[in-house]
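Let's take a friendly walk through this structure, from its sheet to its ligand. Keep the 3D view open as you read.

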Amino acid sequence: MELETKNIVKPGEHVSLDDYVPGYTGSYTKKGQTKRRLKKLHKQLLKLQELLYAENQRALLIILQGMDTCGKDGTIRKVMAGINVQGCDVVSFKVPSVDELSRDFLWRAHRAAPPKGKIGIFNRSHYEDVLVVRVHDLVPAPVWGQRYQQINDFEKMLVENGTVVLKFFLHISKEEQKARLESRISDPTKHWKITEADIRERAYWDDYMQAYETVLQECSTDWAPWHIVPADKKWYRNLVITECIVDTLRKLGMRYPEPTADVAKFTIDD
Ligand code: ADP
């Protein structure tokens, strides 16, 4: 079975999130149908990651954004299951510290960007500076308004310097968020996952959707396009993202580097 999601936003395309169905699962109807494919993809991902590391010419930056409970943590756990943790760094973007606030908003993102040979995952990212910041008026509109272009320029610079940038918006429905929040309330083992902020932010759902639509419209570029991932079904979300990462790495046409010595002449003592 094939994935049928047309989830890449074309540069300049008008985006209305109502046009994207969060519960979409293509021709799949249940998790069991995706298991074999996911297992195969994980094996390929492991090999490709090794190649990325061995080649040491490029980096892969994966950016995960979405509403609370959209599954950023689960994606990191499941999609990256089986890869070599030594070659991967996960960075979570929280409320900026005093030190971070005293710099330009891209400073912490640039610092956290992966070095050549590695995969970096941003759990939230510099996009918070045009999302939560816009929704809550944390800086004046002219300040956040110029950030879309600044983000595009920043990402272009990363790409031109050998980093592949993959951006995923994990699209869940408001109903699915309600169910996930309720399960965090009813299950004592999930209480640690819920905060008052989660409840508070839900009230701003429509504002966030608008802010996300602007991000998807303004910052989906040829060099770093946005992918809208149907995320109500976790198993489909994992499949879409893993497939996209594997495809992207495969298309790089990476090669193992030439040996630095005449390996054929090496002998190993008993
Ligand atoms: P998460 O929800 O990602 O699991 P937290 O519950 O710690 O992690 O939430 C992190 C919070 O930090 C989010 O509410 C997010 O909006 C906020 N945040 C991240 N970046 C910024 C920023 N640049 N300015 C203000 N708040 C931010």
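This is a predicted model: local features need pLDDT of at least 70, side-chain atom pairs count only at pLDDT 80 or more; totals for chains, interfaces and linings use all residues.

Five strands make up an open sheet, and their order across it is β2-β3-β1-β4-β5, with parallel pairing. The edge positions belong to β2 (88-92) and β5 (226-230); each has a single partner strand, so one side of each is left without a neighbour in the sheet. On average, and ignoring direction, neighbouring strands are turned by 20° against each other.

On one side, five bridges join β3 (residues 119-123) to β2, and the two run parallel. In that pairing, Val91 sits opposite Phe122 of β3. β3 also pairs with β1, again in the parallel sense and over five bridges. Here Ile62 is found opposite Ile121 of β3.

How buried is β3? Five of its five residues are buried, so the strand is largely enclosed by the rest of the structure. Their side chains divide between two directions: Ile119, Ile121 and Asn123 point one way, Gly120 and Phe122 point the other way, and all are buried.

**Helices on and around the sheet**

Which helix lies across β1, β2, β3 and β4? That is α2 (residues 72-79), which runs at about 145° to β1 (59-66) and also lies across β4 (163-171). Helix α7 (residues 147-160) packs on the sheet too, touching β1 and β4, and its direction makes about 135° with that of β4.

Within α2 you will find Lys78. With a relative accessibility of 46%, Lys78 counts as partly exposed, because the class covers values between 20% and 50%. Once neighbours within four places in sequence are set aside, Lys78 is in contact with His42 and Asn238.

Helix α10 (residues 205-218) has 14 residues and reaches 20 Å from its first C-alpha to its last, close to the 20 Å expected at 1.5 Å a residue. Its buried residues include Trp205, Tyr208, Met209 and Tyr212, and Glu213 is also among them.

Helix α11 (residues 234-251) has 18 residues, which should span 26 Å at 1.5 Å a residue; the end C-alpha atoms are 26 Å apart, which agrees. Of those 18 residues, 14 are buried, so α11 is largely enclosed by the rest of the structure. Just after this helix comes Gly253, with a positive phi of about 60°.

**The ligand**

Which residues are closest to the ligand? Lys94, Arg108, Arg124, Glu128 and Asp129 are the closest of the 13 residues that surround the ligand.

| Residue | Protein atom | Ligand atom | Distance |
|---|---|---|---|
| Val95 | polar backbone atom | oxygen | 3.2 Å |
| Arg124 | side-chain N or O atom | oxygen | 2.6 Å |
| Asp129 | polar side-chain atom | nitrogen | 3.1 Å |

Two of these residues, Arg124 and Asp129, are also named among the closest to the ligand. The Val95 pair involves a polar backbone atom, whereas the Arg124 pair uses an N or O atom of the side chain.

How values were computed
Residues are numbered from 1 along each chain as its sequence is written. Side-chain values use heavy atoms; hydrogens and water are left out. Two strands pair if DSSP finds at least two bridges between them. Helices (H or I, at least four residues) and strands (E, at least two) are DSSP runs, numbered from the N terminus. Axes are lines fitted to C-alpha atoms, for helices over the stretch in contact, and angles run from 0 to 180 degrees between N-to-C directions. Contact means heavy atoms within 4.5 Å. The expected span of a helix is 1.5 Å times one less than its number of residues. Buried means under 20% relative accessible area, exposed over 50%, partly exposed in between (1.4 Å probe, protein chains only). A residue is near a molecule or strand if one of its heavy atoms lies within 4 Å of it. A polar contact is a pair of N or O atoms within 3.5 Å; within protein, one must be able to donate a hydrogen and the other to accept it, and residues adjacent in sequence count only if both atoms are side-chain atoms.
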